[in-house]
Every structure is written in structure tokens, then in C-alpha cells.
Amino acid sequence: MADVQPTDLNAETKRKYRTSFYGNAAEYWSSVPATVDGVLGGFGFISQTDIQGSLSFLKQLFKLQNPPGHGRALDCGAGIGRITKHLLLRFFDKVDLVEQNALFLEESKNFIGKCHKVGNLYCAGKRKQIYIPKGILQ
Ligand SMILES: C[S@@+](CC[C@H](N)C(=O)[O-])C[C@H]1O[C@@H](n2cnc3c(N)ncnc32)[C@H](O)[C@@H]1O
């Protein structure tokens, strides 16, 4: 039997697939503790290595001829704010977080701690649009 390609599916099947896909993901993340080990699927021990890799990448990025600005960053799928805390706050004046799991987002306040550079915390997943004021992103 020939493989069924996503492009072959009708609109209703695609909608059901998307709904169950994001629903299953949300269910999975709600079963995970709001910790570094939780958001890294039990691989919390790689956190420092992961941050170091991203740090090197960002440093290279800012050395480009037309580098991005340092004004504002959006941490998408932020979890408890691990990337914001250990990486983005070092480079950007303001960091906003988007996370679909409300408990993770709440925990990010404790995990990151008080910091005037943390901007908006958006609790939103794929199916909810967030409003980002014009001009806020560079
Ligand atoms: C592997 S964890 C990584 C968390 C964080 N970025 C980190 O590296 O520590 C992925 C995160 O993305 C969130 N997530 C997954 N799909 C999302 C979506 N469509 N919108 C917003 N958040 C999402 C999950 O709830 C989870 O917290």
C-alpha cells in the first residue's frame, strides 16, 4: 500500500490530526514536573552543555555583519524559563516568555527570580494567538 502523505489528507482529517497532536503534547507536558529535569525529559544533566552550545551560537550571531539587536527576545516554549535565565537575559534588555503550560509559566517566576529584564509572560499554545504590540520585536 502506498504511503499517505499529509498533503493527501482532507481538511477535516488535518484539523483532527492537529487537535490530537497539540492535545497529546499538552497532556504530556502536564504530566511532567516543573523542574529542569522535567522540561528536559529526564536529561537535566545536559542543561549546562546545552546552554554553552547556545551561548557560542549567539556569540557568533552577534558577530555577523548585520547582527540582530539586543533589545528584546521572545522565548517560545519557555518551560520554566531555563533558557531565559541562563542565556537570553545575558544578551537582551527584555525577554518575554510564551509557554502553553500555566504551571511551568508560574514556576518561571521562582526559577528566574526577580529581574526587571523579564517582560511579559504569555500562556498560549499553538491554537491561541498572542497579541504582541507593534514595534516590540526587532
Ligand atoms: C522540551 S521543553 C523545553 C523548555 C525550555 N525551552 C527549555 O529548554 O528548558 C518544551 C516546552 O515547550 C512547550 N510547548 C510545546 N508546544 C508548545 C506550543 N505550541 N506553544 C507554547 N509552548 C509549547 C512545552 O509545554 C514545554 O514546556
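**Figure 1. Overall composition of the predicted model.** Of the 138 residues in the protein chain, 20% are buried. The model shown is a predicted one. The protein chain contains 5 helices and 3 strands, and from the N terminus on these elements follow the order α-α-α-β-α-β-α-β. Among contacts in the protein chain with a separation of 6 or more, 51% join residues 24 or more positions apart.

**Figure 2. The largest nonpolar core, with 15 residues.** The residues with the most contacts inside this core are Ala 73, Ile 83, Leu 88, Phe 92, Val 95 and Leu 97. Four elements, β1 (72–76), α4 (82–91), β2 (94–99) and α5 (102–112), each supply at least two residues of the core. In soluble globular proteins, nonpolar side chains tend to be buried together. When residues up to four places away in sequence are not counted, Ala 73 touches Leu 88, Phe 92 and Val 95.

**Figure 3. Packing of helix α3 with helix α4.** Two packed helices are described by the angle between their axes and the distance between the axes. The axes of α3 (residues 47–62) and α4 come within 10 Å, crossing at roughly 25 degrees. Because angles under 35 degrees count as roughly parallel, α3 is roughly parallel to α4. The crossing of these two helices is right-handed. By class, the contact of α3 with α4 comprises 5 nonpolar, 3 polar and 1 charged residues. On the α3 side, Ser 47, Ile 51, Ser 54, Leu 55 and Leu 58 take part, and they meet Arg 82, His 86, Leu 87 and Phe 91 of α4.

**Figure 4. Buried residues of helix α4 and the elements around them.** Arg 82, Ile 83, Thr 84, Lys 85, Leu 87 and Leu 88 are the buried residues of α4. These buried residues pack against the helices α2 (36–39), α3 and α5 and against the strands β1, β2 and β3 (118–123). Arg 82 and Leu 87 belong to this buried set and also take part in the contact with α3. Ile 83 and Leu 88, likewise buried in α4, are among the residues with the most contacts inside the largest nonpolar core.

**Figure 5. Gly 71 in the loop between α3 and β1.** Gly 71 has 11 C-beta neighbours inside 10 Å and therefore counts as exposed, the cut-off for that class being 12 or fewer. The C-alpha atoms of Gly 71 and Val 95 are separated by 8.6 Å, although these residues lie 24 residues apart along the chain. Val 95 is one of the residues with the most contacts inside the largest nonpolar core.

Notes: Residues are numbered from 1 along each chain as its sequence is written. This is a predicted model: local features need pLDDT of at least 70, side-chain atom pairs count only at pLDDT 80 or more; totals for chains, interfaces and linings use all residues. A nonpolar core is a set of buried Ala, Val, Leu, Ile, Met, Phe, Trp, Tyr and Cys residues joined through C-beta atoms within 7 Å. Two residues are in contact if their C-beta atoms, placed from the backbone, lie within 7 Å. Axes are lines fitted to C-alpha atoms, for helices over the stretch in contact, and angles run from 0 to 180 degrees between N-to-C directions. Angles under 35 degrees count as roughly parallel, over 145 as roughly antiparallel, 65 to 115 as roughly perpendicular and the rest as oblique. A crossing is left-handed if the near helix is turned anticlockwise from the far one by less than a right angle, and right-handed if clockwise. Ala, Val, Leu, Ile, Met, Phe, Trp, Tyr, Cys and Pro count as nonpolar, Asp, Glu, Lys and Arg as charged, and the others, Gly among them, as polar.
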